[in-house]
Amino acid sequence: MFIIGERINGMFKDVAKAIKEKDKAVIQALALKQVSCKANALDVNVGPASANPKEAMEWLIKAIQEVTDITLAIDTTKQDVMETGLSLCKAKPIINSANANEEKMKNLFSLAKKYNASIIGLTMDKAGIPKDSEGRMELAMKLVAACVEYGIDTSELYLDAVILPVNVAQPHAKEVLKTIRDSKMLADPAPKTVLGLSNVSQGSSMQYKNLINRTFLTMAIANGLDAAIMDATDKELMDSLITAELLMEKQLYCDSYLEAYRKK
Amino acid sequence: MERLIEKWQDKISEVVIGAKKPIKIGGETGIYFIDGEDKCPNPPSVAMEVWDMEPEAWPETLKSNFGSTLKDPVEWAKLCADKFSTDLICLRLASTHPDTKNASGQEAGKTLEKILKAVSVPLIVIGSSAPEKDNEVMAHCANVAKGENCLFGIATQNNYKTLTAACLSSGHSIISEAPIDINIAKQLNILICDMQFPADKIVIHHATGALGYGLEYTYSIMERTRLAGLSGDKMLSMPMINFVGQEVWRTKEAKTGQKDTGILWEVVTATAYLNSGADILVMNHPKAVEEIKKAIKKLIYN
């Protein structure tokens, strides 16, 4: 499982404050904490309130790369901020994210080619998020076709079937799971699948958010999920992930399997 | 047609054994002997067994190769190193078993010291398979051989702490053994690493079966271990060892068969293990050693 740590995001108050006050230590501690919790990549998002997102992105990436050379997922809707971010990454970066909107695909798949980046493709377009798996698969096919058109290996595409909060869009969860399952048949090599996991519990009672997250993650892993943007520092979530992978025979059992995973 | 070559995400750890003339084992980044895939920086090594007492149960066809040296472990070791060109010597401290001579750790230590002086090939040192006695003997011997970077054995799930601590403080590598159980093998390596023992000083033994006596069980477990190691399981990405001679010369075919049966039995058993990923083959008969070394050369360089 490829884990993209979600914590360096201006939506979180501590990160927004650190960006505003140029407090590197906060960001660097968050980066290292996620790496030590076995994140394979870190999402970097300056947040909606940033006055100068380009400058903020540059500052965030430089601060993170002072302490780790881990893969970064540049998370922004702005083309210029994305390009600035990609140009600064030491490791092969991830674009977060394109969707099936023609213009967006053109802009971002070109960047993926230029910077040799992996790319997350959301199964949504101008019309929004399809209500069922069939609609999502149609858009997924467009994203796969864009890979071919722009000369990007289909295994570099992370399809995100876009999970919506269960408290307002309950029927979507099972459609997302079906999309994860079916996506594997779209191309050879198969595209990868990813989820922005925490979205599933957005707006739910605080008390149950973590439980909803880890339950959905184990269900998605059982359906073949390859990657998740998630809170790697949530220990129970990580334990569930490791156990789900164990049950899917991704890891050999031993009594200390949790420890063995964390030693990797 | 285009050939599909598997790309593995991880590599097998490289273990260095010996101080005077150190050898490296492991380090594979693919499966042995698959043309185009086998990136194996270190070819498999052969060790010959030397006992610290005459091995009475050995059949005459085996004993006769060593003559009077069987009564003198130092001469025996020199014979293996000089005449039979073994890569390593595996010293078995059989005399320390309570049912044989019940020799003390001090006595075993003296033998070990003499052998270390007499030969420059790296040493594997194993006990007598009496767990409590082994703990006493091996702790002393590890200390005697401090700095010689030997490979000591054998740690098991029920008896690993003393040996691990001794190897850690004296700088030796260790053999971890789980009998035909890959899950316990992994667990034991975690337990050993939990004692701050470096993972790149562990060699795995899955218990060896001779041809016709369970070879296929060990073979398939070794294959699974190697595939898991190459796929990124750090607790299984260690080199592997097989005690081929010990098992083969116990079989009735080797003991009572025609003159060359035992040799062939040993060579065939060893060849199978080469293909399942063995990095060290511990052997007995000099002719079998000669033949398996030829086989390794052919497999690696052809």
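Chain B holds an open sheet of 8 strands in the order β8-β7-β6-β5-β4-β3-β10-β9, with parallel pairing, where two strands pair if DSSP finds at least two bridges between them, and where strands (E, at least two residues) and helices (H or I, at least four residues) are DSSP runs numbered from the N terminus. The edge strands of the sheet are β8 (202-205) and β9 (241-243) of chain B, each of which pairs on one side only. Neighbouring strands of this sheet are turned by 25° against each other on average, direction ignored, with axes taken as lines fitted to C-alpha atoms, for helices over the stretch in contact, and angles running from 0 to 180 degrees between N-to-C directions. This is a predicted model, in which local features need pLDDT of at least 70 and side-chain atom pairs count only at pLDDT 80 or more, whereas totals for chains, interfaces and linings use all residues. Residues are numbered from 1 along each chain as its sequence is written, while chains are lettered from A and ligands numbered from 1 in the order in which they are written.

**Confidence**

- The mean pLDDT of chain B (the predictor's confidence in each residue, from 0 to 100) is 94, and 99% of the residues of chain B reach 70 or more.
- For the model, the scores are ipTM 0.76 and pTM 0.85.

**Strand pairing within the sheet of chain B**

- Strand β3 (residues 45-51) of chain B pairs with strand β4 (residues 88-92) of chain B in the parallel sense over 5 bridges, and the bridge partner of Glu49(B) in β4(B) is Cys90(B).
- Strand β3(B) also pairs with β10(B) in the parallel sense, over 4 bridges, with Met283(B) in β10(B) as the bridge partner of Met48(B).
- Between β9(B) and β10(B) there are 3 bridges in the parallel sense, and Asn242(B) has Leu281(B) in β10(B) as its bridge partner.
- Strand β10 (residues 280-283) of chain B is covered on both faces, with Ile280(B) and Val282(B) on one side and Leu281(B) and Met283(B) on the other all buried; a residue is buried if 20 or more other C-beta atoms lie within 10 Å of its own, exposed if 12 or fewer, and partly exposed in between, with C-beta atoms placed from the backbone.
- Strand β5 (residues 123-126) of chain B is joined to β6(B) by 3 bridges, the two running parallel, and the bridge partner of Ile124(B) in β6(B) is Leu151(B).
- Because 5 of the 5 residues of β6(B) are buried, this strand is largely enclosed by the rest of the structure.

- Leaving aside neighbours within four places in sequence, Leu60(A) is in contact (C-beta atoms, placed from the backbone, within 7 Å) with Ile8(A), Ile19(A), Ile27(A), Val44(A) and Val46(A).
- Ile64(A) lies in helix α3 (residues 53-65) of chain A and counts as buried because it has 25 C-beta neighbours inside 10 Å.
- Not counting residues up to four places away in sequence, Ile64(A) touches Ile8(A), Ile27(A), Gln28(A), Ala31(A), Leu42(A), Val44(A) and Leu72(A).
- The C-alpha atoms of Ile64(A) and Pro48(A) are separated by 20 Å, with the two residues 16 residues apart along the chain.

**Contacts between the chains**

- Between the chains, 10 residues of chain A are in contact with 11 residues of chain B.
- The side of chain A that touches chain B has 4 nonpolar, 2 polar and 4 charged residues, where Ala, Val, Leu, Ile, Met, Phe, Trp, Tyr, Cys and Pro count as nonpolar, Asp, Glu, Lys and Arg as charged, and the others, Gly among them, as polar.

**Backbone details**

- The peptide bond from Asn96(A) to Ser97(A) is cis, with omega near 10°, and Ser97(A) is placed in strand β4 (residues 94-99) of chain A.
- In chain B, the peptide bond from Gly153(B) to Ile154(B) is cis with omega near 10°, and Ile154(B) belongs to strand β6 (residues 151-155) of chain B.
- Ile180(B), a residue other than glycine, has a positive phi near 50°; Ile180(B) sits in the loop between β7 (173-177) and α6 (182-194) of chain B, and counts as partly exposed with 16 C-beta neighbours inside 10 Å.
- Gln196(B), in the loop between α6 and β8 of chain B, has a positive phi near 70° and counts as exposed with 9 C-beta neighbours inside 10 Å.

Notes. Two residues are in contact if their C-beta atoms, placed from the backbone, lie within 7 Å.
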